[in-house]
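Here is a short report on a single chain.

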Amino acid sequence: MVVKHIQRALQGKSKQHIQTLVELGEYMFDEPLSPNIDILQDKPQMKGMHTILHNQETSREDFIFYFDRISTLLVERYGT
């Protein structure tokens with residue numbers, strides 16, 4: 001029952017947020033991404049690094065290491 005209440009509350013907040021964005025003219029209705037945007041492939045290594053970076057309990061050293069690792073992958077792939 002508590003879980004259902006939380007889910008309904010979050011859905012209500014989401015609808016309110018989207019409505020506010022629409023009113024401000026900031027909501028994008030399924031517009032395609034800019035041609036300047038490339039999305040890295042969603043591989044297990046990338047998922048793992050994102051999970052570590054989003055974890056609030058990740059140490060500063062680990063955060064820096066994995067952030068640098070993702071940065072290196074981006075530079076290697078898209079660097080000029």
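Asp 42 sits in the loop between H1 and H2. The model is predicted. Asp 42 has a relative accessible area of 59%. That value is over 50%, so Asp 42 counts as exposed. Pro 32 lies 10 residues from Asp 42 in sequence. In space, the C-alpha atoms of Asp 42 and Pro 32 are 19 Å apart.

Which residue does the side chain of Asp 42 meet in a salt bridge? The partner is Lys 47, at 3.9 Å from N to O. The distance is within 4 Å, so the pair qualifies as a salt bridge. A search of the whole structure finds 1 salt bridge. Lys 47 is partly exposed, at 46% relative accessibility. Asp 42, in contrast, is exposed.

**The largest pocket**

The largest pocket has a volume of about 170 Å³. Helix H2 (44-54) and helix H3 (60-78) each give two or more residues to its lining. The lining consists of Leu 40, Gln 41, Lys 43, Gln 45, Met 46, Leu 73 and Arg 77. By class, that makes 3 nonpolar, 2 polar and 2 charged residues. Leu 40, Met 46 and Leu 73 are the nonpolar members, because Leu and Met count as nonpolar. Lys 43 and Arg 77 are the charged members, because Lys and Arg count as charged.

**The surface patch**

What makes the nonpolar surface patch of about 310 Å²? Val 2, Ile 6 and Leu 10 do. Ile 6 belongs to helix H1, which spans residues 2-24. Ile 6 has a relative accessible area of 45% and is partly exposed. A patch residue needs over 30%, so Ile 6 passes that cut-off.

Leu 74 is in helix H3. Is Leu 74 partly exposed or buried? Leu 74 is partly exposed, at 34% relative accessibility. Leu 33 is 41 residues away from Leu 74 along the chain. Their C-alpha atoms are separated by 18 Å.

Ile 52 lies in helix H2. Ile 52 is partly exposed, at 27% relative accessibility. Buried means under 20%, so Ile 52 does not count as buried. Thr 72 is 20 residues from Ile 52 along the chain. The C-alpha atoms of Ile 52 and Thr 72 are separated by 16 Å.

The C-alpha separations are set out below.

| Pair | Separation along the chain | C-alpha separation |
|---|---|---|
| Asp 42 and Pro 32 | 10 residues | 19 Å |
| Leu 74 and Leu 33 | 41 residues | 18 Å |
| Ile 52 and Thr 72 | 20 residues | 16 Å |

Note on methods: Residues are numbered from 1 along each chain as its sequence is written. This is a predicted model: local features need pLDDT of at least 70, side-chain atom pairs count only at pLDDT 80 or more; totals for chains, interfaces and linings use all residues. Side-chain values use heavy atoms; hydrogens and water are left out. Patches are made of residues with over 30% relative accessible area and no salt bridge: like charges are joined within 9 Å, nonpolar side chains (Val, Leu, Ile, Met, Phe, Trp, Tyr) within 5 Å. Accessible areas come from the Shrake-Rupley method with a 1.4 Å probe; for residues, only the protein chains shown count as cover. Helices (H or I, at least four residues) and strands (E, at least two) are DSSP runs, numbered from the N terminus. Buried means under 20% relative accessible area, exposed over 50%, partly exposed in between (1.4 Å probe, protein chains only). On a 1 Å grid over the protein atoms alone, a cavity is a set of points where a 1.4 Å probe fits but cannot get out, and a pocket is an open set with protein on both sides within 12 Å along at least five of seven lines; lining residues have an atom within 4 Å of a point. Grid points are joined across faces, edges and corners, and a volume is the space filled by probe spheres set on the points.
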